[in-house]
Amino acid sequence: MNSRSKRILRQRVAIGSNPERNRAHNRRVVLEVIRMHEHLGRTEIARRAHLTPQAVANIVEELLEEGLLIELGRLRSGRGQPPIQFAVNPNGPLTAGIEVAADHMVTVLLDLSGGIRGQSIVSLAGPGPDVVPDLAASEVRKLQDALGADSSKLLGLGVVMPGPFEIEGMSSVGPATLPGWTGVDPAPLFATATGQHVVVENDATAAVVGERLYGAGRQLGSFCYLYFGVGLGLGVIQDGRPMRGAFGNAGEIGHVGLTPRKGKGVYGPAGALERFVSVFALRERLAMAGIYVATVEDIQRLHDENDQTLRDWIAMAADYLAPTVAMLENIFDPETVIFGGGLPDSVLDAVIAALDPLPVSVATRLQRSLPRVLRGQTGQLTAALGAAALPLLDTVSPHLSVADPAS
């Protein structure tokens with residue numbers, strides 16, 4: 001086997017560093033290793049994290065005191081004294097996620113194990129900065145009160161807003177930003193209203209973070225995520241971390257124009273991908289046929305009824321998405337490309353099935369551990385879950401390095 005093949009077979013794992021100055025990183029590594037394997041003993045944590053047993057013992061003790069870990073007892077197996085098992089504390093600190101859309105706001109509370117501890121959806125008469133931050137603070141408090149949790153248990157707040165940020169008139173399917181937010185930095189407003197550390201992201205980046213921590217990307221170090229929202233967004237995970245770009249606008253793939261497998265390419269804004277492949281585009285096509293849908297359930301019902309207009313859209317979307325997948329593979333060399341967002345699982349499955357045959361790319365290999373395209377597992381709350389996961393990313397998910405797991 002040549003050296004290149006050996007590199008390909010290596011696995012991306014979280015690796016600790018024993019010098020004391022890297023203690024914060026090591027804490028994240030220990031939490032990530034335990035979270036990925038549900039429960040482990042100290043010796044196994046040390047082996048998987050590439051840390052000394054003493055370093056792991058000290059970190060585990062700290063995390064227990066802080067309520068981030070719990071002790072499960074001893075694992076009964078083999079000879080000798082069975083090891084004490086540790087797990088992420090599902091009743092420990094929480095994070096909050098806020099998804100702000102043009103007409104509604106979704107709020108979720110997430111525990112460290114990824115469990116949804118509370119959620120709400122409220123209508124927005126106006127999504128401006130004079131209303132939304134205070135409303136978000138109110139919704140978070142309501143969910144905390146329902147759990148009996150106080151604000152001291154929150155690790156932070158993630159906020160998802162439509163991108164691109166600070167770009168006028170770029171969106172092909174609607175306003176580039178929510179009304180009233182142009183030129184406004186949302187993070188300080190939400191921080192003041194909630195008293196929390198706030199992370200703000202576009203919806204596709206937040207969704208790929210949620211999928212990385214809790215969905216189909218849980219065991220992956222590098223993958224692409226196509227997010228079907230009002231427009232079409234792209235989230236990219238490289239070495240376990242999201243690619244954000246210099247101004248937070250990485251992944252605005254909906255504005256790219258590609259020639260479909262069938263038909264001719266259209267250039268300029270009229271040829272942007274999201275004009276054909278997005279929830280907005282689907283609703284527009286259905287409306288032209290006299291069919292009006294407002295919710296994911298409405299789209300699911302059409303799929304159950306084998307609606308011809310929906311079937312035609314799925315075929316057309318696949319014609320645009322097949323070359324899109326190949327382009328992403330050639331640029332990012334991901335382990336897989338994941339589809340998710342505001343479409344029913346059954347429709348996403350149908351779109352993925354219609355991609356065949358995919359164009360040849362660097363991903364065209366006979367020996368693959370994963371299909372080239374997968375459906376996401378984080379469901380219809382993807383963006384809000386991703387928002388809640390953003391504060392967790394800094395707490396539990398370290399940069400991943402390439403290493404031989406047998407070393």
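Mentor: Let's start with a rule: two strands pair if DSSP finds at least two bridges between them. Keep in mind that this is a predicted model. In it, the hairpin of S5 and S6 has four residues between the strands, and Gly114 there takes a positive phi near 95°.

Trainee: How do you know that S5 and S6 are joined, and in which sense do they run?

Mentor: Seven bridges link S5 to S6 (residues 116-123). At least two are needed, so the two strands count as paired. They run antiparallel.

Trainee: What makes S6 and S8 edge strands of their sheet?

Mentor: The sheet is open, with five strands in the order S6-S5-S4-S7-S8 and mixed pairing. S6 and S8 (198-202) each have a single partner strand, so one side of each is left without a neighbour in the sheet. On average, neighbouring strands here are turned by 15° against each other, direction ignored.

Trainee: Which helices pack on this sheet?

Mentor: One of them is H6 (residues 186-194), which touches S4 (94-100), S7 (154-161) and S8; its direction makes about 140° with that of S8. Another is H7, which touches S5, S7 and S8, at about 110° to S8.

Trainee: How do you know that S4 and S7 pair, and are they parallel or antiparallel?

Mentor: Six bridges join S4 to S7, and the cut-off is at least two, so they pair. The two strands run parallel, and Leu94 has Leu154 as its bridge partner in S7. S7 also pairs with S8 in the parallel sense, over five bridges, with Val198 in S8 as the partner of Leu157.

Trainee: Why is S7 called largely enclosed?

Mentor: A residue is buried when its relative accessible area is under 20%. Seven of the eight residues of S7 are buried, so the rest of the structure largely encloses this strand. For the protein chain as a whole, buried residues make up 51% of the 407 residues.

Trainee: Why is H2 called roughly perpendicular to H3?

Mentor: The two helices pack at an angle of about 110°, with their axes 10 Å apart. That value makes H2 roughly perpendicular to H3, because the label covers 65 to 115 degrees.

Trainee: What makes up the contact of H2 with H3?

Mentor: From H2 come Val29, Val30, Val33, Ile34 and His37; they meet Ile45, Arg48 and Ala49 in H3. These residues divide into six nonpolar, one polar and one charged. Arg counts as charged, so Arg48 is the charged one.

Trainee: Which residues touch the most other members of the largest nonpolar core?

Mentor: That core has 48 residues, and the ones touching the most other members are Val30, Ile45, Val60, Leu63, Leu69, Phe223 and Tyr225. Elements giving two or more residues to the core include H2 (23-37), H3 (42-49), H4 (53-65) and S9. H12 provides the largest share, eight residues. Apart from it lies another core, of 39 residues, including Leu226, Phe276, Leu286 and Val293.

Trainee: What is Phe223 in contact with, leaving aside its neighbours within four places in sequence?

Mentor: Its contacts, with those neighbours left aside, include Val208, Glu211, Arg212, Gly235, Val236, Ile237, Pro334 and Ile338. A contact needs heavy atoms within 4.5 Å, so each of these residues comes within that distance of Phe223.

Notes: Residues numbered from 1 in each chain as written. Predicted model: local features only at pLDDT ≥ 70, side-chain atom pairs only at ≥ 80, totals over all residues. Heavy atoms only, no water. Core = buried A, V, L, I, M, F, W, Y, C linked by side-chain atoms within 4.5 Å. Buried < 20%, exposed > 50% of the residue type's maximum accessible area, 1.4 Å probe, protein only. Axes fitted to C-alpha atoms, helices over the stretch in contact; angles between N-to-C directions. Parallel < 35°, antiparallel > 145°, perpendicular 65-115°, else oblique.
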